[in-house]
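Please keep the sequence and the three-dimensional view at hand while reading.

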Amino acid sequence: MSLKKNYLIFAHYHSKGLIRKDILDFLNNSKKYFKQIIFVSTNIKSTEIKKIPKNIKIIKRKNIGYDFYSYKIGWEYLLKKLNNDYNNKNIFFINSSILFIKPLKIINSIKKTKIKSNEFWGISRSRELTDHIQSYFFFLPANLFTNKNILNWWKKIKPLSIHYKIILKYELGLSKLMLKNNIKLMSIYKKNINLKTNNIIKKTAQRFNEIFLKTPKYYKKDPTNYFWKDFYKQFGIVKIRLVKDNDKKFNLEELYSILKRKNLLNDALNN
């Protein structure tokens, strides 16, 4: 996939108004693959703005709402710039909830992805709560915004303050909107999706293991948590929340060791 006609909207947040080194590495490595990068940040410090490459459009906003409101602000700016010319253009949406340990890996992954006009893509797809593309990194052909239902949905995004409402209304709601409009949900990472089998024999064995052996339903779990090693190896990323909270009590000694070697552990813990 050629990225020369692709646009990136990056939603940034840091509790202290800082920009992490790994994000700067990602921006510097990816800027040549995008026609324009739009960096939307909530209350980033002026001293930090100076670190961002000059050819990146920076939009600073008040700290209201969450990433989807930053996505909307960047999207509004971009649509005005495109002036209804959506042909052969793709829009990427990324937020700062992921740690870019090896940024070239994820850049190379999206370069290989062929986006069709009736597809909604993400790095990963989850069946947790309901089938959806995860909102930390998703992308779509710009011509989907010629669909009035999709266009109006984006126009109505508001800065909600309760996180679970944002998940239900926007993260899950966006995938629901796409399915309603006959847009296919596609993801680069598929292991968790493929675990859900339709083969009757395998399905019976799977149900037996779940009921009697208490095997977790991994196809319904958040893949960025339960398959974090895959995400590191395939994309060079992990979720910040995994590093900071680890509420599932995974063994992360290997990950912490990697982050220490790359001087990224403190940035992740203090984001």
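Two strands are said to pair if DSSP finds at least two bridges between them. In this predicted model, strand 4 and strand 9 pair in the antiparallel sense, over 5 bridges. Within that pairing, Ile 94 stands opposite Phe 137 of strand 9. Strand 4 also pairs with strand 1, here in the parallel sense and over 6 bridges.

How much of strand 4 is buried? The strand is mostly covered, with 6 of its 6 residues buried. Asn 90, Phe 92 and Ile 94 point one way, Ile 91, Phe 93 and Asn 95 point the other way, and all of them are buried.

Strand 4 is also one of the elements against which the buried residues of helix 4 pack. The others are helix 1, strand 5, strand 9, helix 10 and strand 11. The buried residues of helix 4 are Pro 103, Ile 106, Ile 107, Ser 109 and Ile 110. Viewed down the helix axis, they fall within an arc of 160 degrees, and therefore line one face of helix 4.

Two packed helices are characterised by the angle between their axes and the distance between the axes. Helix 4, residues 103-111, and helix 10, residues 228-235, pack at about 80 degrees, with their axes 7 Å apart. Because angles of 65 to 115 degrees count as roughly perpendicular, the two helices are roughly perpendicular to each other. Helix 4 contributes Lys 105, Ile 106 and Ser 109 to the contact, while helix 10 contributes Tyr 232, Lys 233, Gln 234 and Phe 235. By class, this contact has 3 nonpolar, 2 polar and 2 charged residues.

Leaving aside residues up to four places away in sequence, Ser 109 touches Ile 188, Gln 234 and Phe 235.

Is Lys 16, by contrast, buried or exposed? Lys 16 has a relative accessible area of 51% and is exposed, because exposed means over 50%. This residue lies in the loop between strand 1 and helix 1. Although Lys 16 and Asn 270 are 254 residues apart along the chain, their C-alpha atoms are separated by 8.8 Å.

Notes:
Residues numbered from 1 in each chain as written. Predicted model: local features only at pLDDT ≥ 70, side-chain atom pairs only at ≥ 80, totals over all residues. Heavy atoms only, no water. Helix = DSSP H or I, 4+ residues; strand = E, 2+ residues; numbered from the N terminus. Contact = heavy atoms within 4.5 Å. Axes fitted to C-alpha atoms, helices over the stretch in contact; angles between N-to-C directions. Parallel < 35°, antiparallel > 145°, perpendicular 65-115°, else oblique. Nonpolar A, V, L, I, M, F, W, Y, C, P; charged D, E, K, R; others polar. Buried < 20%, exposed > 50% of the residue type's maximum accessible area, 1.4 Å probe, protein only. Arc of directions from axis to C-beta.
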